[in-house]
Amino acid sequence: MGDFENFDVLFAADRSFAYGERTITKILKSRRLADNELLIEKLLKTLSIKRPQDFYPPRSNQTLRDLHSHIIDSASPDHHKQSVLYYILKDIPDNNKSASAFARAVYLPEKYRIFINGIWLLDHGEFEKALDYLTEPVLIPTFPEEILYILCTHPDQRDDKLPLAYYYTVSPAITAPKVVEALFSKIAKSSVTEAFLWSRKQGETSHQKLFEQLIHTVLNGPGGENRATRSVEMIHLPFSKEEEAWFEAYLTDGKGKGLHGAKDALKVRAVATGRGSPIMERTEGRRGKSDHDMDWSSLESSYEQGSLTQTR
């Protein structure tokens with residue numbers, strides 16, 4: 001097995017081996033759920049295999065041989081080629097014995113094995129287990145935006161803590177707008193204040209869009225006490241003059257004007273910042289939940305504790 005360039009040696013246990021129909025179906029389903037590109041296919045592209053989906057998953061022994069040939073013919077370093085072969089061997093349903101034996105035979109460095117174990121698990125929908133590998137300190141972040149996007153948007157990944165755990169542990173640079181927005185949605189659900197501060201670090205172009213996304217997330221969230229509490233937290237944030245203008249515009253004439261509690265949030269913000277008369281006529285004497293499921297007792301109480309100040 002040490003002679004990884006020879007297909008018949010690498011697959012000596014079964015030289016006619018081909019992926020089973022069940023395995024192929026599972027991989028194709030995983031691809032569809034992963035925005036139509038698996039991480040292994042991204043890895044194959046780094047080996048200059050331009051159309052990896054023509055070869056993976058291999059639908060016959062000959063296609064598997066062709067894939068092996070393309071990997072071996074790549075100008076990439078041996079460890080990169082071996083890493084991809086390690087991934088492919090993990091697809092063999094034998095408890096990964098072949099893959100582990102191969103890694104030992106070619107002395108595949110630990111960081112490569114850790115990374116491949118992580119992306120193989122992620123491609124196969126085992127998200128929590130994947131993060132055990134992908135957050136290892138020994139790794140240099142590879143495909144961090146792609147990994148984050150999968151953790152944020154994959155329909156089978158419903159734990160909002162996982163993308164945040166990956167992001168805060170690995171601290172990757174995020175530039176792709178769709179990844180920024182997907183990650184921000186998770187931050188905003190977790191912490192209003194953290195999302196507010198994070199939006200300020202994303203550059204002038206993204207700042208306003210994320211700021212408005214935060215307002216939408218808070219006012220469009222689950223009703224009841226949780227929404228009231230998060231609304232109070234948002235209303236008490238130290239907006240800059242620019243953010244104050246965005247807040248008013250978004251909830252007055254912008255896309256947020258129809259949100260639950262939009263008018264109420266504007267009024268209470270105006271009162272809390274000293275720009276409005278204490279509790280407008282429409283809300284005088286009202287206690288408990290309003291038409292918008294906002295807890296006015298909480299809002300008034302928070303106002304009475306003191307007004308807000310603007311900062312930058």
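Let me start with how residues are sorted here: Ala, Val, Leu, Ile, Met, Phe, Trp, Tyr, Cys and Pro count as nonpolar, Asp, Glu, Lys and Arg as charged, and the others, Gly among them, as polar. What you see above is a predicted model, in which local features need pLDDT of at least 70 and side-chain atom pairs count only at pLDDT 80 or more, while totals for chains, interfaces and linings use all residues. Residues are numbered from 1 along each chain as its sequence is written, and side-chain values use heavy atoms, with hydrogens and water left out.

I will begin with the pockets. A pocket, on a 1 Å grid over the protein atoms alone, is an open set of points where a 1.4 Å probe fits, with protein on both sides within 12 Å along at least five of seven lines, and its lining residues have an atom within 4 Å of a point. The volume is the space filled by probe spheres set on the points, which are joined across faces, edges and corners.

The largest pocket has a volume of about 350 Å³, and of the 16 residues that line it, L43, H80, Y112, F115 and T142 lie nearest its centre. Helix 3 (39-46), helix 5 (78-90) and helix 7 (110-123) each supply at least two lining residues, where a helix is a DSSP run of H or I with at least four residues, numbered from the N terminus. Helix 7 gives the largest share, 4 residues, and by class this lining has 10 nonpolar, 5 polar and 1 charged residues.

The second largest pocket holds about 230 Å³ of space. Which residues of its lining lie nearest its centre? They are A34, D35, E146, Y149 and K178, out of 15 lining residues. Helix 3, helix 9 (144-153) and helix 11 (177-190) are the elements that give two or more residues to this lining, with helix 9 giving the most, 5 residues.

Elsewhere, the charged end of K90 sits over the ring of W120, 5.0 Å from its centre.Let me turn to salt bridges, meaning a side-chain nitrogen of Lys or Arg within 4 Å of a carboxyl oxygen of Asp or Glu; a search of the whole structure finds 12 of them. E146 forms one with K42, the closest N and O atoms being 3.9 Å apart, and because E146 lies in helix 9 and K42 in helix 3, the pair ties together parts that are 104 residues apart in sequence. E37, K42, K45 and E146 are linked in a network of salt bridges.

A further salt bridge joins the side chains of E244 and R269 (2.8 Å, N to O). E244 is in helix 15 and R269 in helix 16 (residues 262-272), so this pair ties together parts that are 25 residues apart in sequence. Is E244 buried or exposed? E244 is buried, at 4% relative accessible area, where buried means under 20%, exposed over 50% and partly exposed in between, with a 1.4 Å probe and protein chains only. R269 is buried as well, at 0%, whereas E146 is partly exposed, at 27%.

Finally, the aromatic rings.  Rings of Phe, Tyr and Trp (its six-membered ring) pair if their centres lie within 6.5 Å, with planes under 30 degrees apart counted as stacked, over 60 as edge-to-face and the rest as tilted. The count comes to 14 aromatic pairs. In one of them, the rings of F196 and F239 have their centres 5.8 Å apart and their planes at 45 degrees, so the pair is tilted.

Note on methods: Lys NZ or Arg CZ within 6 Å of the ring centre and 35° of its normal.
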